[in-house]
Amino acid sequence: MALDKNFLWGGATAANQVEGGVLEGGRKLSNIDLLPCGEDRKAVGLGELEMLEWQEDHYYPAKEAIDMYHHYIEDIQLFAEMGFKVYRMSLSWSRIFPNGDDLEPNEEGLAFYEGIFKELKKHGIEPLVTIAHFDVPVHLIKEYGGWRSRKLVDFYSHYAETVLKRFKGQVKYWLTINEINILLHQPFVGGGIIFREGDNKEEVKYQAAHHQLVASALATKTAHEVDPENQVGCMLAGGSHYPYTCRPEDYQEAIRRDREGYFFIDVQARGKYPNYALKKFEQEGLTIQMEAGDAEILASAPVDFVSFSYYCSRTVSAHAEDYQQATGNIFASIKNDNLPSTEWGWQIDPLGLRNSLNQLYDRYQKPLFIVENGLGAVDMPDENGYVEDDYRIDYLKQHIEAFKAAVEIDGVELLGYTTWGCIDLVAASTGQMSKRYGFIYVDRDDQGNGTMKRTKKKSFDWYKQVIASNGENLAVTEAVKV
Ligand code: BG6
């Protein structure tokens, strides 16, 4: 059995990592625009260092990113050339509501996205739209403390309702919040949270999580009311945890770490808090304020499908001393000697993708969507900007084979596959341009130099052939250099 003929092949980006133009068209700053390159990035992302204004001695890559704000026609043309059926993108909240709590949306911001949707339609590409991808208007952070405030539920709901109504008929596939579980690991990135003295950090994070879960359910409900054709998904930063050894306590730790992510999806897909979370709150003395009616809201609007990102698996242990061999930068993970690693220490595990698909499908029995997957690598372009990225093709080929096996052999329902960073973009964790994922090379470096010129890599034609054959032809042929 091959993949369904309507399988959605494509690529994914996020507004803050591609658009630039952060103060153009009436837009104002959002949290992610204030993440500098360099050593302060981590502390800002964790919510441990407040930096709510640009500082002169720091470089902020989101300011210009790859300037898709002015290049989207050319970029979409290239996506169309590869045969994309779907393009995953996000809206910038502060382009539409510059302060976040404005009563009226910014017409110029809405018109910008309308331009993109028209262009996609022209090429028969379906948009898959993330309403918030690491995105909180700065005013909402300064004034309300980001998602720690219940008020964000109203502001996000107003924003979601505005775009759902305005783009009715233009967008059918929606994701409410990108990698919602990142809130626990990078609270400023995921929720615009900056910790204050005396905070019980775990309580602040789970309170913000509750607000996001209620807001996500309300947006899902609205999406269905506005247009019954709408399909709404939740979005998990995926990749399962392996126990470091077969000691039962290591396996227990792997279950616990998987649940940190599943917690969000359990609520979004099943409509209620799982018992293990309620017990955690009780045992750790966390008081999470829930308003009357919240349980009903959560129950009333489970998502239609479950989407996730997958880059690697992780390895965990119940014993602190095992972490001396740690790898990766957002999730603490022990080096798994059975797997190769990327230049950034992310461990390459295609079978882990098949296993994740099976775990998620067993758990939720809903259609799945792989909305991010790819290899961040250093590319060496020749004088024409051409890159022989066989390493990227190899990574993607192995992961496509893995998800095909999950569909064809295991019977998992999979709607589509969008590779991450189909065009080179700013890396979320490090702010680097040199961590490239694209089929399209962008001439821009880590210091902000370069012409922004777009050129096709070897993987461009390979992916085109993969899509044209609906995933049947993954062979690597010799490329004709241009
Ligand atoms: C996911 C995010 O965490 O992984 C993306 O949704 C991000 O925004 C991607 O870019 C890859 O991570 P990085 O740090 O290599 O950009």
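Guide: Let us begin with Glu372, where a polar side-chain atom lies 2.7 Å from an oxygen atom of the ligand. This is a polar contact, that is, a pair of N or O atoms within 3.5 Å; within protein, one atom must be able to donate a hydrogen and the other to accept it, and residues adjacent in sequence count only if both atoms are side-chain atoms. The model is predicted, so local features need pLDDT of at least 70 and side-chain atom pairs count only at pLDDT 80 or more, while totals for chains, interfaces and linings use all residues. Residues are numbered from 1 along each chain as its sequence is written, and side-chain values use heavy atoms, with hydrogens and water left out.

Tyr437 also reaches the ligand: an N or O atom of its side chain is 2.5 Å from a ligand oxygen. For Gln17, the corresponding distance from a side-chain N or O atom to an oxygen of the ligand is 2.8 Å. On its own the ligand has 380 Å² of accessible area, and the protein covers 95% of this (areas come from the Shrake-Rupley method with a 1.4 Å probe; for residues, only the protein chains shown count as cover).

We may now turn to Asn373. This residue is placed in the loop between strand E11 (368–372) and helix H14 (390–408); helices (H or I, at least four residues) and strands (E, at least two) are DSSP runs numbered from the N terminus. With 0% relative accessibility, Asn373 is buried, a term for values under 20%, whereas exposed means over 50% and partly exposed lies in between (1.4 Å probe, protein chains only). A polar atom of the Asn373 side chain lies 2.7 Å from the backbone oxygen of Tyr310, and the side chain also makes a polar contact of 3.2 Å with that of Tyr395.

Strand E11 belongs to a barrel that eight strands close in the order E1-E2-E3-E4-E5-E7-E11-E12, with parallel pairing. From one strand to the next, the twist averages 25°, where axes are lines fitted to C-alpha atoms (for helices, over the stretch in contact) and angles run from 0 to 180 degrees between N-to-C directions. Two strands pair if DSSP finds at least two bridges between them.

Three bridges join E5 to strand E4 (residues 173–177), in parallel, and Trp174 stands opposite Val232 in E5. Five bridges link E5 with strand E7 (residues 305–309), also in the parallel sense; there, Phe305 in E7 is the bridge partner of Gly233.
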